[in-house]
Amino acid sequence: MSLEDKVREAFAQHGALSRAADQFRERAGQTEMALAVARTIDDGGQLVVEAGTGVGKTFSYLVPALLSGERVLLSTATKTLQDQLFGRDLPRLVEALGLPVRTALLKGRASYLCLHRLELARHDAGPERASARTLAKIEQWSKSTRTGDLAELPGLDERSPLIPLVTSTRENCLGAQCPQFRPCHVNAARREALGADVVVINHHLFFADLAVRESGMAELLPTVRVVVFDEAHQLNETGVQFLGVQLGTAQALDFARDLLAAGLQHARGLVDWTSAVAAVERAARELRLAVGKQWPGTKLRWIDAAPEGVDARIWQQSMEALQQGFAQAADALDSVSEIAPDFVRLHERATQLAQRAARFALACAPESVRWVDVGQQLRLIESPLDIAEAVQTRVLKADKAEPDAVGRAWVFTSATLGDDPKLRWFTEPCGLGEAEVLRVASPFDYANQAALYVPRGFPKPNDPGHSGAVAQLAARGAALLGGRTLVLTTTLRALRTIGDAIRQQFDHAEAEGMPEVLVQGELPKRVLMDRFREGASAGRIGCVLVASASFWEGFDAPGDALQLVVIDKLPFPPPNDPLVEARSRRLEGQGRSPFNDYFLPEAGVSLKQGAGRLIRRETDQGLLVICDTRLVAMGYGRRLLNALPPMRRLETEADFDAALAELSASA
């Protein structure tokens, strides 16, 4: 039986999938995608699939991948999705299909407990009481965990400052010289991955390995014939983070701290460690002072010898001092390298940091852009404009080496990959111009399940009163619905303003039982998501969640927990961002329109992602409000409206109030 026949059989009404999924029913779009994946596995090549919300794309790629008998690599956008795929979807399918498949989960170093660094943290002098309690929990858990994956530790805040102290980085890992090398959780995860039939990774790990060949993927990828990237819309932005060069003053200070600790512990008196450390710390401090006072989060363009607004002479002197500080530290470490493995690793770090400092003293590489991120510390960044060249030369190159052989099957899928039939928003920057493209529409009945409202008499997006008006509208809707409201903002400033304003409106209300207002950043993301989903359960008052950035996608609150999504502004890329500017200049140089070919497609994809939070099941009902009059006043608004699901339109405030009342009555 061919792979396509096996797939058809599995997706039939009473096939294997009916045993794996609750309330399974045959969907033409899901089967169409699965058959396309099966053909790509048989023939090799690249397949790009935009699968609308509700298609069931996870099963569409998993079923043919598992039935093919090939070794498979699955990559997701986030560790949360990774855990869901490995812990829920894969086991259900493997059992339903009755396949003897070994699966493995592989994450980056920062996800695993480092036993050696746990030992060091245990002896660290005087941790704060809260940190001491957390450390005690980690120690207790470390005695029973098999994987060492910190995601398995209940109640551990992903923002905890303790995590970097009990996990390793590529820079501080001692490798084979580590006293805990044999029981090391990172090595155990890599060994499991090498022996598995299906390995689940994430995009960060894939590109980190592509950049440094360190995460174990260099051994794994050559043995795999099927590679699937889920949530592929994040691929380009994730890739450019890792394929460039970064150097930060925080890196320098971390190195200095580790250098002093190792020097005083293993070779006190053999080297003037205090002077070596002081040279690096002083250079890092001078470099930070060279940029002066800036708003946190500022990105300084860096086109010439120094970033904009920075004295070139002082900047270059500081960079030279930093490079010399690393070089001198490397010389000192070289003289004691045989005493302890810590010194060998520190020598490698010092050499690499000196090389990076030297790199930033040279002109920026072509087809790249350079800038400085300013916070309490500085980050110097040089980034490619996209991942097209890397994908062509370092990912797909091996498949072209043997033209007669069936190459790897590469599948890229997401609910949003562009606003044109060829999905060029995704394929161009990812170097996939020759890929087969398939678009599968959502099976949801959006016209009956959802409505879109764009308030006409609203303040313009740049009006000082805009955020207040957004808060007022969201609070009114949430009060009627008993919470069940998600407000998505395009900036962190609007996030705080709108969150505070909604709270004030509820504080002034006399009625009891007002919804709880949750604001991103005040609690861990996982806690916010769980509390929001649970808020409307068992007839209780729901929540209002005001969020930005990562909540525009990957946040799933099906059922009655979410019935109103409010978007404050059209999510255009920030025009003064150095990477955005460089991409715009490149398009202008090609005779193309940056607005039509970059800004509009970017906004369309982000808008579609945000709108996609509303309807997650066939039975969901809800309202989407976009508080940006440009959507109906500007000519380009039609293109953005066409990128959204085909919801029915509410034209007046009276229509909106009536729709709210109808939702409230059905809740």
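Contact here means heavy atoms within 4.5 Å. The structure is a predicted model, in which local features need pLDDT of at least 70, side-chain atom pairs count only at pLDDT 80 or more, and totals for chains, interfaces and linings use all residues. Residues are numbered from 1 along each chain as its sequence is written, and side-chain values use heavy atoms, with hydrogens and water left out.

**Helix pair.** Helices (H or I, at least four residues) and strands (E, at least two) are DSSP runs numbered from the N terminus. Helix 13 (residues 249-266) meets helix 14 (residues 273-290), their axes coming within 9 Å and crossing at roughly 170°. Axes are lines fitted to C-alpha atoms, for helices over the stretch in contact, and angles run from 0 to 180 degrees between N-to-C directions. The two helices, helix 13 and helix 14, are therefore roughly antiparallel, a term for angles over 145 degrees. Among the residues in contact are Phe255 and Leu259 of helix 13 and Trp273 and Val280 of helix 14.

Four strands form an open sheet in the order 6-9-8-7, with antiparallel pairing; two strands pair if DSSP finds at least two bridges between them. Strand 6 (245-248) and strand 7 (298-301) stand at the edges with a single partner strand each, so one side of each has no neighbour in the sheet. Strand 8 (residues 368-374) and strand 9 (residues 378-384) are joined by seven bridges. Val369 has Ser383 in strand 9 as its bridge partner.

| Helix | Strands | Angle to strand 6 |
|---|---|---|
| Helix 13 | strand 6, strand 9 | about 60° |
| Helix 16 (residues 341-361) | strand 6, strand 8, strand 9 | about 105° |

Notes. Angles under 35 degrees count as roughly parallel, over 145 as roughly antiparallel, 65 to 115 as roughly perpendicular and the rest as oblique.
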